[in-house]
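Here is a colleague's note for you to read beside the model. Keep the structure open and find each residue as it comes up.

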Amino acid sequence: MTHTINDVDIAICGAGPVGQALALLLQQQGYAAERIALYDAKTAEQAEQDARSIAISYGSRQILQAAGAWPVKATAIQEIHVSRRGHFGRSLMRAADYAVPDLGYVARYGDIIRPLQAAINNKGIRIQRPVSVSNIEEAADHVRLTLSHADTGETSHVSASIVIQAEGGTFGDQEQRSQRHDYQQTAIIAHVNTDAQIAGRAFERFTEQGPLALLPQEDGYALVWCVRPEQAEHLLSLDEQGFKQALQAAFGHRLGNFIKTSARLSYPLGLNAQAHATARTVAIGNAAQTLHPVAGQGLNLGLRDSVVLARSLTRHLHDTASSDPAAALQAYLAERQADRKLTIRITDSMARVFANSPDGSFSQTLLGLGLGALDMVKPAKRMLAEQMMFGWR
């Protein structure tokens, strides 16, 4: 049997945290660094200067540590307070209850990328920026990538044994996948300060229009406020004082008064997911599933994808009885199925149910009872906490 000698064994399209973690795990587990390549449309400077706030679970910290990309400049979450605005019932999760130092962390995207890129450079893994993958052409024994170089305007080609799509974008930019739902919500994000901050405590507060999350970060909180599009337009049009007043009315005074907010950004929210692989290509992270930000599971699910895919491809690398990568990719999909389905079901249910039950309805009473019962039924609470922290990997 003859074998095509490709330019690389593994080509990863997208050099975000999920793509870079995958490359590092593959190198650690036996793939030669020079046979792995990453391609990304952003420059390294653009990636490192990205100030978006990202939630990292404790399990994701373990993955980044295993990849050699921890510590990350981040603020620890020791407690998560979950409540329903204007209704009884709440739940409080504490790291101490689960024998972990922290439930999770809040970090800026650029601060997550920085140690990953340092590890990539240290290991000698190839990364090309700014490069867009304009075409993927799959043949029986290789995949041919067409690369568009933004800095020179030139086009080049690379052949790879396996291609991983790890560049997903946001819901509003994506083509429709098999599992898709538009939540008719917009997320407003900002950094806010209060005059009675509680160190290490995150808040997930469900309102009639969607969840409102305040995650401890640096000297204040990362805000993710999910509302209907028309309400988002109104909130974005307010001056700082008007926005603080609206936020105060929605969240209440658990943290005292809101005293400062940064500039606000927004993006549309939806579920867009499809577990799919060909004989030589597979999608992971946001390229495979884009979730509602409730419970902050997007990056965490993607990092678990990277762990399992690295393991599946490493088994393929060392399996001398087979040279067909399709089996490794199908094994990956099968192994990820339960965790993906459960995480999608949890976030989708929370986004739909809490935001679509009008005040005064019977379902609101049930929701309040559910939050109260969660604190009382310890096994159910532990199962939920462990899924959010670790998932299945």
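1. Rings of Phe, Tyr and Trp (its six-membered ring) pair if their centres lie within 6.5 Å; planes under 30 degrees apart are stacked, over 60 edge-to-face, and the rest tilted. Phe203 and Phe251 have ring centres 5.4 Å apart and planes at 90°, so they pair edge-to-face. This pair joins distant parts of the chain: Phe203 is in strand 13 (residues 201–206) and Phe251 in helix 6 (residues 240–251), 48 residues apart. Helices (H or I, at least four residues) and strands (E, at least two) are DSSP runs, numbered from the N terminus.

2. This is a predicted model: local features need pLDDT of at least 70, side-chain atom pairs count only at pLDDT 80 or more, and totals for chains, interfaces and linings use all residues. Residues are numbered from 1 along each chain as its sequence is written, and side-chain values use heavy atoms, with hydrogens and water left out.

3. Are Phe203 and Phe251 buried or exposed? Both are buried. Buried means under 20% relative accessible area, exposed over 50%, and partly exposed in between (1.4 Å probe, protein chains only). Now take Trp225 and Phe243: their ring centres are 5.8 Å apart and their planes at 55°, so this pair is tilted. Trp225 sits in strand 15 (residues 220–227) and Phe243 in helix 6, so the pair ties together parts 18 residues apart in sequence. Trp225 and Phe243 are buried too.

4. Which residues do ring pairs link into a cluster? They are Phe203, Phe251 and Phe258.

5. Look at Tyr109 next. Lys42 lies over the face of its ring, 5.4 Å from the centre. Arg52 also lies over the face of Tyr109, at 4.6 Å from the ring centre. The rule: NZ of Lys or CZ of Arg is within 6 Å of the ring centre and within 35 degrees of the ring normal.

6. Helix 4 (residues 109–123) has 15 residues and should span 21 Å at 1.5 Å a residue; its end C-alpha atoms are 22 Å apart, which agrees. The expected span is 1.5 Å times one less than the number of residues. Its buried residues include Tyr109, Ile113, Leu116, Gln117 and Ile120. Just after helix 4, Gly124 has a positive phi of about 80°.

7. Gln20 belongs to helix 1 (residues 17–28). Gln20 is buried, with a relative accessible area of 0%. Leaving out residues up to four places away in sequence, Gln20 touches (heavy atoms within 4.5 Å) several residues, among them Ile113, Leu116, Gln117 and Ile120.
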